[in-house]
Each structure stands twice: as C-alpha cells, then as structure tokens.
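Here is a short report on pockets and a surface patch. Look at the structure first, then read on.

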Amino acid sequence: MKATFLQGVRHGIPIALGYLSVSFAFGIQAVSGGLTPLQAVLISLTNVTSAGQLAGLNLMLQGGSLMQMALCQLTINLRYALMSLSLSQRLDGTMTTLHRMLFAFCNTDEIFAVASSQPGRVGKWYLYGLMSTPYFGWALGTLLGAVAGTLLPAFVRTALGIAIYGMFIAIVMPPAREKRSVRVVVLLAAAMSLCLRYIPALSFIGSGYAIILCAVVAACVGAALFPVEEDRA
C-alpha cells in the first residue's frame with residue numbers, strides 16, 4: 001500500500017519538533033544582529049538550511065558581497081544535490097519534473113533520511129506531507145526565537161544564541177569519536193578557520209571565502225588521505 005499524505009505528516013512531526021529548537025536559536029541570532037522578526041521569518045520561509053542560513057546571516061551582517069554569498073551557499077548546500085540524486089532513484093511516476101523541483105526546495109538531511117527509509121517507491125503525496133510539518137516547524141521556531149529576541153534581556157539572548165553551535169557540535173562529535181577520517185577533517189577545518197581569523201596577513205580573506213576554503217581544502221585532504229574503497233563485484 002502506497003504511503004499517504006497523512007503518513008508523511010506524521011513522519012515529519014519528530015523532524016519539525018527538532019527544527020523548532022534550532023530555528024529558535026536562528027531567530028534570536030537574526031534579531032540580535034539587527035534584523036526584524038519579519039525579515040528573520042522570511043529568510044526561513046525561503047531557505048530551509050540551518051548551516052546555510054547561519055553562514056548567510058553572518059555574511060549579511062558583515063556586508064559580504066553577493067558573490068561571497070552565492071559561493072558560500074553553494075559549498076555548504078552542495079550535499080543536497082547528492083541527496084536528491086540518490087532519492088530520485090526511489091521516486092514513482094507521480095513525481096514529475098515540477099514536483100521534483102518543489103520537493104527539492106525542502107529536501108533536508110532529515111527528510112531525505114526518512115524518505116529513503118520507506119519501502120518501495122515513494123510518491124508525491126507522501127513527500128509533500130513529509131516536508132510540510134518540518135517546513136512550518138522551521139518557520140514557527142524562527143518566529144518564536146525572533147519575537148523572544150526582542151523581549152528577552154541581552155545576556156539571555158546571548159546564551160540562547162549559542163544553541164545552534166551546540167547543535168553542530170552534537171552532529172559532529174559522534175562520528176568524530178568513531179572515525180579518524182572525520183576527526184582529521186574537522187580538526188583541519190577548525191585549524192584553517194582559526195588561521196584565517198587571527199593571522200593578520202590573511203585578514204583580507206572575507207568570511208564567506210574563508211568558509212569555502214576551509215570546507216573545500218579539508219574535504220580534499222580527507223579524500224586524499226582516507227579514500228573510500230570501491231566495492232568490487
């Protein structure tokens with residue numbers, strides 16, 4: 001029996017609850033940086049990417065160029081293209097080009113994982129249900145965080161604002177403990193980021209380009225040092 005829209009909605013509820021806390025932190029960060037609650041919510045309604053939005057917010061506040069923004073977002077969000085290619089092999093005939101484009105807008109890590117775990121082919125109604133609750137959860141969390149940022153004292157906003165960084169640490173630490181390759185890539189990226197931030201001779205490199213350099217160089221070094229062996233039939 002093919003999964004329905006309501007099944008997708010139910011499967012998306014846990015994702016939406018997780019997104020509430022992360023986007024709440026983003027909303028606080030945005031308002032603390034000088035954006036209005038409406039601007040913060042509009043960003044979350046048109047972009048559903050935690051790392052991408054945080055990096056983009058920092059670039060906006062620092063007056064980064066459009067080229068920096070475009071390249072930074074391309075680097076951070078390139079993984080979504082790979083996820084979409086993988087999931088496309090599981091889609092049924094109802095997923096025409098238009099529906100694929102609409103779903104790609106909200107194909108996050110968590111939605112991809114849940115959709116990929118479904119048995120058989122996946123149809124458009126299940127995917128629309130699966131993406132709807134996380135999407136509104138992301139926007140609602142941003143709104144709550146942005147409104148709270150206008151009401152809470154500054155020291156509370158600062159404390160809550162670091163929650164999104166805690167999320168990234170929580171994502172990275174488990175695989176870093178288990179795999180040496182992940183540890184090397186993470187430490188290399190962190191070391192490069194510190195160099196680009198604190199070495200005066202490198203201060204001319206903008207924050208957007210710094211993110212790109214750290215991500216690309218660390219990933220290339222990791223790929224060279226720890227190549228994945230191909231399965232041979």
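Helices (H or I, at least four residues) are DSSP runs, numbered from the N terminus. The model is predicted: local features need pLDDT of at least 70, side-chain atom pairs count only at pLDDT 80 or more, and totals for chains, interfaces and linings use all residues. Residues are numbered from 1 along each chain, and side-chain values use heavy atoms, without hydrogens and water.

**Pockets.** A pocket is an open set of points on a 1 Å grid where a 1.4 Å probe fits, with protein on both sides within 12 Å along at least five of seven lines; lining residues have an atom within 4 Å of a point. A volume is the space filled by probe spheres set on the points. Ala, Val, Leu, Ile, Met, Phe, Trp, Tyr, Cys and Pro count as nonpolar, Asp, Glu, Lys and Arg as charged, and the others as polar.

| Pocket | Volume | Lining classes |
|---|---|---|
| Largest | about 2100 Å³ | 35 nonpolar, 10 polar, four charged residues |

Of the 49 residues lining the largest pocket, Ala51, Ile76, Phe168, Ile211 and Ala215 are the closest to its centre. Helix 11 supplies the largest share of this lining, nine residues. In the second largest pocket, helix 4 gives the most, with three residues. Its lining includes Gln73, Asn77 and Tyr80.

**Surface patch.** Met67, Leu71, Leu74, Leu78 and Tyr209 make a nonpolar surface patch of about 460 Å². Helix 4 (residues 66-88) gives the most to this patch, with four residues. Tyr209 lies in helix 11 (residues 207-225).

Notes:
Patches are made of residues with over 30% relative accessible area and no salt bridge: like charges are joined within 9 Å, nonpolar side chains (Val, Leu, Ile, Met, Phe, Trp, Tyr) within 5 Å. Accessible areas come from the Shrake-Rupley method with a 1.4 Å probe; for residues, only the protein chains shown count as cover. A salt bridge is a side-chain nitrogen of Lys or Arg within 4 Å of a carboxyl oxygen of Asp or Glu. Helices (H or I, at least four residues) and strands (E, at least two) are DSSP runs, numbered from the N terminus.
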